[in-house]
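Work through the exercises below with the structure open beside you, and try each task before you read its solution.

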Amino acid sequence: MVKDQYVIDRLREGDKRALDKVYLEYKTEFILFARPFHISEDDISDIYQDSIIALYENVRSGKLQQLTSTLKTYVFAIAKFKIYKLLKDKSLNIIDLHNLQAREEEGTDEFAVEMTEERLQKMRHAYKQLGKKCREVLQLFYYEGQDIESIKETLNYTSKDVVKSQKSRCLKQLKNLIREENG
Amino acid sequence: MDKQQLMETWFTGKLSDEERQHLNDLLATDPEFREEFDFQMEVRQAIREEERQTLKSRLKSLDETVRPSGNKWWYAAAGIVILLGLGWLFFPSQPDYRELYVLNFEPYPNLISPVVRNGDSVTDIQLNQAFQWYDAGEYEKASGAFQAIHEHTGEDYAWFYRSVSELAAGNDQKAVYLLEQYNWQEPERYENISSWYLGLAYLRQERRDDAVKYFEKVSSSGGELHRQAALVLEEIR
């Protein structure tokens, strides 16, 4: 647990190498665990990778600050939940969903919008065309859930107002890019 | 809180229940606001997707590059630390640093000489001799031989095994001196493991704070021996 908390702290700082280590550490065990569910090897790998990414996102966004279980249990709880969803077999009791912490964090978003695949790809494409500074601000705000104050700190902006206007300028740019693609 | 502020706070996940209700009402009654909100939700979704794909390719690429390491020598050491930890359950007391040292210290395994070709250059002969002494526990002799090899070749491993030999010979002060002053050419390979031995050397000197510093380094590295380091830390903290 002590070491696990170290890892969490490293992840919070965005240390991707720490994430690599976590990924490799439990991978074999997870594959062995998942095989009896009769899911393809590809799906197993996908689920495992997505669970590791979910871990990273939860730590970075601050949803996960203090572990209430071991790191392995946490990762496995997310992954089991994903297996469960994949199998869509609600009668399957083998999966323990006792790890409430991980389960809650798998919840879907309130107010989420339905997006077509086409729209999503267009937006991704437009996002990639933005300048580095814009992507930084938007990434910190929308992906990592940092507020304006901490973005100001992270990117060394002079004031919160500068961050705010930068952000809305970038959103406008993004909007224009998408419009161009559509037009 | 104005509309913009409300939206902003929503995206950072810090809305109170009351504010969330307010947001909900706004979304239902203010089409312009709704449009802007939906757009930003889409932006978030797109960025998420982008980031996830990047991370995913990173993880996938790991599968291709990683080879398993067959080097399990520290498991025994770990077992001992655990046993020791259990012991303290029954006899809670100030940790005995020297005892912890003795239980955890093990000369780093010889990972060099079986790999090196059995050539007949001067260095190869010196090297085989050095490791023969090292493996036989004649650490003073081994240290001298590694020193000579280092002078010839400047290789990190020679310096590293020289330092470990000194520690094994009981010259912890010298080992600390050697390990702390050296700049590794391959820090990835030697820095972490050196910290482990520095931690042990300080443990032997009963210099707790210095030991903690190095064990913390190892423990947080996630690399070789990080578990053992965490276990030792639990004992001495």
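**Exercise 1.** Does A:D20 count as buried or exposed, and at what relative accessibility?

*Solution.* The model is a predicted one, in which local features need pLDDT of at least 70 and side-chain atom pairs count only at pLDDT 80 or more, while totals for chains, interfaces and linings use all residues. Residues are numbered from 1 along each chain as its sequence is written, chains are lettered from A in the order in which they are written, and side-chain values use heavy atoms, with hydrogens and water left out. Begin by finding A:D20 in helix α2 of chain A, residues 16–34 (a helix is a DSSP run of H or I, at least four residues, numbered from the N terminus). Next, apply the cut-off: buried means under 20% relative accessible area, with a 1.4 Å probe and protein chains only. A:D20 counts as buried because its relative accessibility is 12%.

**Exercise 2.** Which residues is A:D20 in contact with, leaving aside its neighbours within four places in sequence?

*Solution.* Contact means heavy atoms within 4.5 Å, and with those neighbours set aside, A:D20 is in contact with B:R58, B:L59 and B:L62. Widening the view to the two chains, the contact takes 46 residues from chain A and 49 residues from chain B.

**Exercise 3.** How many salt bridges does the rule find across the interface of chain A and chain B?

*Solution.* First recall the rule, which asks for a side-chain nitrogen of Lys or Arg within 4 Å of a carboxyl oxygen of Asp or Glu. Across the interface it finds twelve salt bridges. B:K56 forms a salt bridge with A:D50, where the closest N and O atoms are 2.7 Å apart.

Definitions and conventions: Helices (H or I, at least four residues) and strands (E, at least two) are DSSP runs, numbered from the N terminus. Buried means under 20% relative accessible area, exposed over 50%, partly exposed in between (1.4 Å probe, protein chains only).
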